[in-house]
Amino acid sequence: MQGETIEDLMAARHTGRFRVVRQHKNTSDLWRQYESGLKQLLTKLGSDHLRSTELLILERRLLENLARARLYGDTSTSHIERAQILDALDRLALETVGRKFLALPSDSTAETVAFTQGPVEAVSFTRDPATGTIAFVHHEPIVIGNRDDMAQRLLEAVHEAHDAIELYGRIVAIARELNDQRAEALYSQDLGLALLNLAESEPAQSQAYLSRAAAALQQAIRLLDAIKAAPLLRARTRYHLGRCYHQSGRWPEAIALLEQAREVFARHKARPELAHALLELGQLYYQTEDFESAYIYLKDALRLFRRLGDTDGIAVTQEALGSMELQAAHPSDAIVSLREARQGYVALQRDERVRAVDHLLGMADRARQAAERMGATP
Amino acid sequence: MSSISRYRETLHRWGLTDVPFRAAPPEDPAELSRIFYGRQRELDLALPTLYEGRNVLVRGLWGVGKTAFILYLLHRLQQETAALGEQMLILYIGRFPGDSSEALYRALLLPLSETLADAEPEARRVYDVLSGFQVTHSRQLQVEGKVDLQLVSIGGSWERGKDEGWQIQNTYTVLLRLLDLAQEQYGRVIVAVDDLDKKVPRAVHNVLDDATDLLRRGQGKRGFLLTGRFTSALRATSALQDISQQMLGLFSETIILPRMSGDELYHIAVNYLNTARERPSGEAAPFTPEVISQIAEYAYRIPRQFNLICEKVMRRGAMNGVKWIDEQTFPALWRTVQDEFVLELTPDVRRLLYIARRSGGLSADVDDATLAQLDVETYVELLPLLRSLEGDLLIPQEDGRLLPSAFLPDEEEHSD
């Protein structure tokens, strides 16, 4: 079955044959491959190498990014950040050990592969947490075509939003053909998220992508509700559709969806998701000039991000709180918040945000000096 | 001697017909003016602004006396405008059902159409339709010369009656038309909406957002007087909210009512007591000035809490047949009132109030340990419960903290 494609699988549905590749769970986790790659590169480079500090910084950033993504899902921010880190690691590995970081061999030898035949009607598509794009038969992964080629394709697709969208679109179509509502829902969500990411990275086309993302996520919600999927899963999809509406300027709808999601996250004590929902809602309330709610929600988001040790979350929330305090003519409070935001962005090497916060800090400092000159409490 | 006989006898000995204190002010402006005291600076600011048909926002803590201030302000506006021989229609909406701008428009249409029904056929039609909704409204019309002051409070739901076909198409357009008609008839129209601060802040924000056009129109001939509360999150957010509304040009004046001083509360106590006396007095007997001062502090110098404590302590004192409510008798009376208060609380609410007291008040800045004691991950989860308790049980402060009512006794005396 070398070189099989998704279309081949579709054809297989009619012929009643397909290939199942049972993979060891360690090797199905691309993130673990990254971690393994890091270890190898560190060993190869050694601590005395001129660029070992650079590698250590990249290692810390990548591990922090993966920890965050594992905790509360892969957000667009963490996805983009990870792509940047991997790019830097690729360059570093190529320049020091002569191979791309992603081409470093995996240290996992526990891979087992089994081939099974079975009726295609038994196919149940679901989402692999690592790659997000592998179909399953009774919870075992099907790899379409050559496993290594496919893994590479998936990896590339994850880094290339347009390919990911095409891939998800095809899988959604397959799932629909197979009448697998769960799979269709999950891949519709993936499709929606990929479109959402694209909308962020291509502002000129954002409305078109957001509109498609909304349609995909709405479909995911309809299906998940129809099959009575787990509440947390349904809440996550609502959260993403809420984000989509937020970006589209459909604020009341965004608030309604995010509030629904927040309640479920709180009930299930899903802290990472809860923190993000609170942050999103805080920003929405701020935009809709409901400042009381904005403050309460952002404070709660900050509290949870601190508990989770989420540098990125803390920085983003403190930046929002700092802006609000600055606008409310409380420059001293604003400076405290913005300084912590800056510290976080520096640690994450988010230079663009550092510059933005520096600008706000400058304004806050001038406002404080002016207040002091006038004898007011800044 | 029966309890009632002893109660009446004590009141008689105090020279009083009844216990006059009430948590909410009387709606009758004439009665209110006998009790009202202070707020001169705020009145001086609001009266000419409203007279000129400009919008005023009255902001203040829960129970600080916004309703009393508004009713008294409208009463003064009515009297002073009538004294000038000018015409004016003043509408006061005490409460209305719903959280939308449509609900607000209907609430305004009800008294407006009623006022104009005799002279304007359209107003008659609107009034007939609105009366079809299963809402109840109490109405009190006071005419001072050529100035009509109509006080309205609406209950029930606008939803009920819809099925029977009670519909008004384009409520907002109809409202604008009737306001124009009222303006033609009276020259000036002043509308006070006093319920907004009791609704969920987000709903108020949405209502104001939608009603921006209404509030902007007719400036100079048509003034709106709205209430807003201090937000319970942070003083800064109130400032932001004010800035945002001022930037929209909605309000010419934002009046913030501060807590009352001990002296002002003493005068209010005297005024209340005089309404139950045959002969007015300048004293707060049976209370001594020291006890009044102590009650003012227990009440966080918030009039509503102050009146409530005075009412309960006085009633208990009358039942016990005390001669004076002084430093000797007050502690025991107060302790009994607190005991009665705590017995009415559910265990969950009692626990929350004690946690609020121990932590120095609940706010968005609450620490993790306090949230853990309350079995929640976030402060947001507490909001529905806090909002239901906000008022008599949890007293909002200017800095956003919610402190438990002074009626809550010391914890060690009432541990479960």
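Modeller: Of the 378 residues in chain A, 51% count as buried. The model is a predicted one. Chain A holds 15 helices and five strands. Contacts in this chain between residues at least 6 apart in sequence join residues at least 24 apart in 63% of cases.

Two packed helices are described by the angle between their axes and the distance between the axes. The part in question is helix α11 of chain A, residues 271-287, and two of its packing contacts can be taken in turn.

Start with helix α10 of chain A, residues 251-267. Its axis lies 9 Å from that of α11(A), and the two helices pack at an angle of about 155 degrees. Because angles over 145 degrees count as roughly antiparallel, α10(A) is roughly antiparallel to α11(A). The crossing of this pair is left-handed. On the α10(A) side, the residues that meet α11(A) are A:W251, A:A254, A:I255, A:L258, A:E259, A:R262, A:F265 and A:A266. On the α11(A) side they are A:E273, A:L274, A:A277, A:L278, A:E280, A:L281, A:L284, A:Y285 and A:Q287. Sorted by class, the contact of α10(A) with α11(A) has 12 nonpolar residues, one polar residue and four charged residues.

The other contact is with helix α13 of chain A, residues 311-327. The axes of α11(A) and α13(A) come within 10 Å and cross at roughly 20 degrees. An angle under 35 degrees counts as roughly parallel, so α11(A) is roughly parallel to α13(A). This crossing, of α11(A) and α13(A), is left-handed. From α11(A) the contact takes in A:L279, A:Q283 and A:Y286. From α13(A) it takes in A:V316, A:T317, A:S323, A:M324 and A:Q327. By class, the contact of α11(A) with α13(A) has four nonpolar and four polar residues, and no charged ones.

Next come the backbone details. Most residues other than glycine have a negative phi, and most peptide bonds are trans. In chain A, the residue A:K228 is not a glycine, yet has a positive phi of about 50 degrees. A:K228 sits in the loop between α8 (206-226) and α9 (231-248) of chain A. With a relative accessibility of 67%, A:K228 counts as exposed.

Chain B has a positive phi at B:R39, with a value near 60 degrees in a residue other than glycine. The loop that holds B:R39 runs between α2 (29-35) and α3 (40-51) of chain B. B:R39 counts as buried, at 5% relative accessibility. Also in chain B, the peptide bond from B:A285 to B:P286 is cis, and its omega is near 15 degrees. B:P286 is placed in the loop between α11 and α12 (289-298) of chain B.

At 17% relative accessibility, B:N271 counts as buried. A polar atom of the B:N271 side chain lies 3.0 Å from the backbone oxygen of B:I35. Neighbours within four places in sequence aside, B:N271 is in contact with B:R34, B:I35, B:F36 and B:Y37.

Definitions and conventions: Residues are numbered from 1 along each chain as its sequence is written. Chains are lettered from A and ligands numbered from 1 in the order in which they are written. This is a predicted model: local features need pLDDT of at least 70, side-chain atom pairs count only at pLDDT 80 or more; totals for chains, interfaces and linings use all residues. Side-chain values use heavy atoms; hydrogens and water are left out. Buried means under 20% relative accessible area, exposed over 50%, partly exposed in between (1.4 Å probe, protein chains only). A polar contact is a pair of N or O atoms within 3.5 Å; within protein, one must be able to donate a hydrogen and the other to accept it, and residues adjacent in sequence count only if both atoms are side-chain atoms. Contact means heavy atoms within 4.5 Å. Axes are lines fitted to C-alpha atoms, for helices over the stretch in contact, and angles run from 0 to 180 degrees between N-to-C directions. Helices (H or I, at least four residues) and strands (E, at least two) are DSSP runs, numbered from the N terminus. Angles under 35 degrees count as roughly parallel, over 145 as roughly antiparallel, 65 to 115 as roughly perpendicular and the rest as oblique. A crossing is left-handed if the near helix is turned anticlockwise from the far one by less than a right angle, and right-handed if clockwise. Ala, Val, Leu, Ile, Met, Phe, Trp, Tyr, Cys and Pro count as nonpolar, Asp, Glu, Lys and Arg as charged, and the others, Gly among them, as polar.
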